[in-house]
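Have a look at the model first.

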Amino acid sequence: MNKEPVSRELFDEVMVPNYAPGDIIPVRGEGSRVWDQEGREFLDLQGGIAVTSLGHAHPGLLGALQEQSEKIWHLSNVMTNEPALRLAKTLCDHTFAERVFFANSGAEANEAAFKLARRYAWDHFSPEKHEIISFKNAFHGRTLFTVSVGGQHKYLEGFEPAPGGIHHADFNNLDSVKALISKEKTCAVVIEPIQGESGVMPADPEFLKGLRQLCDDNNALLIFDEVQTGVGRTGHLYAYEMYGVVPDILTSAKGLGGGFPIAAMLTTEKVGASLAVGTHGSTYGGNALACAVAQKVIDTVSQPEILKGVNERSEKLRRGMMAIGERYDVFSEVRGAGLLLGCVLTEQWQGRAKDFLTAGLEEGVMVLMAGANVVRLAPSLIIPETDIDEALQRFEAAVKKLAK
Ligand SMILES: *Cc1c(COP(=O)(O)O)cnc(C)c1O
């Protein structure tokens, strides 16, 4: 086995340069703390970008992984398997869903959702009803279809021609959707209940209710991309519950596997029927090992005391960040829900979110950015309160250095 020592420099020698990772290489994690190659400790408010929903090395997840790994890892979709069926049943029991499709990433779950929306309209209406309405600044993944539906043109530059029939409305502006939607052409409207990547921007409840009505009036499906907001992140199992607006299709990934790659597309029996035999598929989708781990994640996160804990931690973190923001005049607002928080930089710090990330690392706390103007936090949903206190202290030290 290759046990040669590795360093950050190796990245530039062997990896495609599509990422610009930081200098440290974490090698071990426990709860909300990780340690790098030198043994330096960090408090993790990144959560692998809203993925490690139960922190690192969670005993329950280790147990589920170990147990399933000794039984069977993978079967083709020519066979079904127990963990996949159990997980699908659990997801249906806990949500509006009646049918589930498993994939491996958020992009793939969205790809399935968009294909399903087109196919459903093709089945029930006409081939002309294929248009998808999405929103400016939306993020739905990096496959060619999902990046085209996404609302940041820079991610599409040099990759065109893109799939057609996609329109972008203004987020939180119902009139801009009204101007684009039609019975004849629109098959679906897709939205993140809280836009994550582009700045932790929550949808207005009235806006989502209006979208639901517009979709109903135009026989269009409403798709919620809950890849980032799902699995307890907002203090609800899924954010649609918080808004009281039920979509026709919902996609879930990131936190679903707690660090093990898995995604799911949830839908109703009627809509799901359009993905008939042979229309869509995935080799790894429904992988037994992934589903066994996700089962433990959902069983844990869906407990009322865990969700309540998310809201308590949210309050603490929000108040702490706002206090730092006020003391050093760095944040104008802390927005978001649950443990998906965006600290919006004040005027004089515009464009400098990356500096906060770097300064945080120097003080032993890992934070995220969401665009250049927002410091984003997406820690473990069960981060100990004492770790929040310590993370805030370390972050304040970072801000103090930066602001002086
Ligand atoms: C991260 C994200 C995706 C893409 O998920 P991948 O697993 O990276 O493909 C899609 N939608 C939203 C809202 C996301 O936050």
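**Cavities and a helix**

The second largest cavity has a lining of four nonpolar, five polar and no charged residues. Keep in mind that this is a predicted model. In total, the structure holds two cavities of 30 Å³ or more.

**The second largest cavity**
- Its volume comes to about 30 Å³.
- Around the second largest cavity sit Ala138, Phe139, His140, Gly141, Val147, Gly150, Gly151, Gln152 and Tyr155.

**The largest cavity**
- This one has a volume of about 40 Å³.
- Its lining is made up of Ala50, Ser53, Val227, Gln228, Gly230, Val231, Arg233, Ala253, Lys254 and Gly255.
- Sorted by class, that lining of the largest cavity gives four nonpolar, four polar and two charged residues.

**Helix 4**
- Helix 4 covers residues 82-94, and at 1.5 Å a residue its 13 residues should span 18 Å; the end C-alpha atoms are 18 Å apart, so the two agree.
- At the start of helix 4, the backbone nitrogen of Ala84 has a side-chain oxygen of Asn81 within 2.8 Å.
- Ala84 is also one of the buried residues of helix 4, along with Pro83, Leu87, Ala88, Thr90, Leu91 and Cys92.
- An α-helix has 3.6 residues a turn, so residues three or four places apart point the same way.

Terms used: Residues numbered from 1 in each chain as written. Predicted model: local features only at pLDDT ≥ 70, side-chain atom pairs only at ≥ 80, totals over all residues. Heavy atoms only, no water. 1 Å grid on protein atoms, 1.4 Å probe; cavity = no way out; pocket = protein on both sides within 12 Å on 5 of 7 lines; lining within 4 Å. Points joined across faces, edges and corners; volume = space filled by probe spheres on them. Nonpolar A, V, L, I, M, F, W, Y, C, P; charged D, E, K, R; others polar. Helix = DSSP H or I, 4+ residues; strand = E, 2+ residues; numbered from the N terminus. Expected span 1.5 Å × (residues − 1). Buried < 20%, exposed > 50% of the residue type's maximum accessible area, 1.4 Å probe, protein only. Polar contact = N/O pair within 3.5 Å; in protein donor to acceptor, adjacent residues only side chain to side chain.
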